[in-house]
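Q: I would like to learn how to read the features of a structure one at a time, beginning with the general idea and then turning to the case at hand. Could we work through one together?

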Amino acid sequence: MEKRRLGKNLEVSALGLGCMGLSHGYGAATDTKDAVALIRAAHDRGVTFFDTAQVYGPFVNEDVVGEALEPIRDRVIATKFGFELPSADGGQHLNSRPDYIRQSVEASLKRLRTDVIDLLYQHRVDPNVPIEDVAGTVKNLIAEGKVKHFGLSEAGAQTIRRAHAIQPVAALQSEYSLFWREPEKEIIPTLEELGIGFVPFSPLGKGFLTGKIDETVTFGPGDFRSMVPRFQAENLKANHALVAALTQIAESKGVTPAQIALAWLLAQKPWIVPIPGTTKLHRLEENLGATGVELSPDDATDIASALAKIDIVGDRYPAHLQARVGK
């Protein structure tokens with residue numbers, strides 16, 4: 001698979017694997033044996049970039065990724081700190097105090113069965129801890145050989161600049177897709193200016209861009225999408241025009257809507273590395289097939305024209321979660 005570079009010198013496969021959904025966020029966790037097999041299948045097919053986080057589970061996903069990749073050394077593992085786990089009341093509370101970052105990293109190293117974390121993200125910006133203190137702590141962890149590269153997730157442009165001034169940021173992870181294009185306004189220009197890579201999560205719009213979700217869908221227990229405004233029935237119906245446009249373009253090229261959505265992301269910048277997630281081998285292979293889809297100038301024009309006619313309806317997060325992003 002084609003390789004891409006995040007920041008100055010972090011080389012990864014053009015598509016990574018978002019591992020969250022194997023353990024967290026989309027209903028019941030995948031059996032560990034099956035999850036390990038899927039991660040190893042991704043590696044066998046050229047994926048060298050695997051994304052997890054402490055809060056996924058919590059902790060379970062790091063355990064699964066650690067077990068799957070322990071015998072495989074030519075890979076990049078990204079994980080995230082920033083939530084106090086476990087919390088006394090069962091909620092998700094931000095905590096990026098330097099001492100807690102260190103404690104978190106030591107625990108992640110054990111669960112991931114490795115002696116170094118390739119890419120360590122702050123999961124969400126903690127308003128109670130200056131980003132300079134966070135970046136400085138990770139800088140020290142890098143100097144100690146416990147971390148290789150520093151990343152941020154869902155941070156705003158000014159926070160990115162302040163952090164980057166203390167410790168170069170290799171990558172920003174945030175949501176970006178044909179279903180959510182907000183980063184184009186300020187984030188992508190900032191990243192390009194600073195030489196920071198971009199890792200879009202939910203590059204298939206949490207499954208919407210596959211064309212397999214419509215207003216009749218019922219989300220099971222534990223599926224995060226049940227509380228996302230954009231996935232309420234009336235909004236799914238209104239947003240179907242986007243999937244219809246994608247499907248028309250995909251059929252003309254003999255590929256799937258998901259492959260068009262991923263190919264579109266890959267075509268935006270050479271330093272964009274999407275991390276679609278899945279629990280199914282055939283979906284993994286479909287997603288990886290997007291790396292072979294080339295969009296012509298006419299294709300790009302058709303997609304841009306379709307997007308210009310469509311107003312996406314519904315917020316991407318409930319209000320209490322939206323309040324944590326873009327800081």
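Predicted model: local features only at pLDDT ≥ 70, side-chain atom pairs only at ≥ 80, totals over all residues.

Q: How many aromatic pairs does a search of the whole structure find?

A: The general idea is to look at the distance between ring centres and the angle between ring planes, where planes over 60 degrees apart count as edge-to-face. In this structure the search finds six aromatic pairs. One of them joins Phe-179 and Phe-231, whose centres are 6.3 Å apart and whose planes stand at 85 degrees, an edge-to-face arrangement.

Q: Which parts of the chain does the pair of Phe-179 and Phe-231 tie together?

A: Phe-179 belongs to the loop between strand 10 (169–175) and helix 6 (187–194), while Phe-231 belongs to the loop between strand 11 (197–201) and helix 7 (233–253), so the pair ties together parts that are 52 residues apart in sequence. Both Phe-179 and Phe-231 are buried.

Q: How is the pair of Phe-224 and Tyr-317 to be read?

A: Their ring centres lie 6.1 Å apart and their planes meet at 70 degrees, so this pair is edge-to-face. It links distant parts of the chain, with Phe-224 in the loop between strand 11 and helix 7, and Tyr-317 in the loop between helix 10 (297–308) and helix 11 (319–322), 93 residues apart. Tyr-317 counts as buried, at 8% relative accessibility.

Q: Where does Phe-208 lie, and what is it in contact with?

A: Phe-208 lies in the loop between strand 11 and helix 7, and it is buried, with a relative accessible area of 0%. Apart from neighbours within four places in sequence, Phe-208 is in contact with Phe-179, Ile-213, Phe-231, Leu-236, Asn-239, His-240 and Val-243. Phe-208 and Val-243 are 35 residues apart in sequence, and their C-alpha atoms are 7.8 Å apart in space.

Q: Is Gln-54 buried or exposed, and which side chain does it join in a polar contact?

A: For a polar residue one reads the accessible area together with the polar contacts of the side chain. Gln-54, in the loop between strand 4 (49–51) and helix 2 (60–69), is buried, with a relative accessible area of 3%. Its side chain and that of Ser-108 are joined by a polar contact of 2.9 Å. Not counting residues up to four places away in sequence, Gln-54 touches several others, including Phe-81, Leu-85, Val-105 and Arg-111.

Q: Which residues of helix 10 are buried, and which are exposed?

A: An α-helix has 3.6 residues a turn, so residues three or four places apart point the same way. In helix 10, Asp-299, Ile-303, Ala-306 and Leu-307 are buried, and they cover an arc of only 100 degrees around the axis, which puts them on the same side of the helix. Pro-297, Asp-298 and Ala-308 are exposed on the other side of helix 10. The buried residues of helix 10 pack against helix 7 and helix 8 (257–268).

Q: How many residues of helix 8 are buried?

A: Ten of its twelve residues are buried, so helix 8 is largely enclosed by the rest of the structure. Among them are Pro-257, Gln-259 and Trp-264, and the buried residues of helix 8 pack against strand 1 (3–6), strand 11, helix 7, helix 9 (281–289) and helix 10.

How values were computed: Residues numbered from 1 in each chain as written. Heavy atoms only, no water. Phe/Tyr/Trp six-rings, centres within 6.5 Å; stacked < 30°, edge-to-face > 60°. Helix = DSSP H or I, 4+ residues; strand = E, 2+ residues; numbered from the N terminus. Buried < 20%, exposed > 50% of the residue type's maximum accessible area, 1.4 Å probe, protein only. Polar contact = N/O pair within 3.5 Å; in protein donor to acceptor, adjacent residues only side chain to side chain. Contact = heavy atoms within 4.5 Å. Arc of directions from axis to C-beta.
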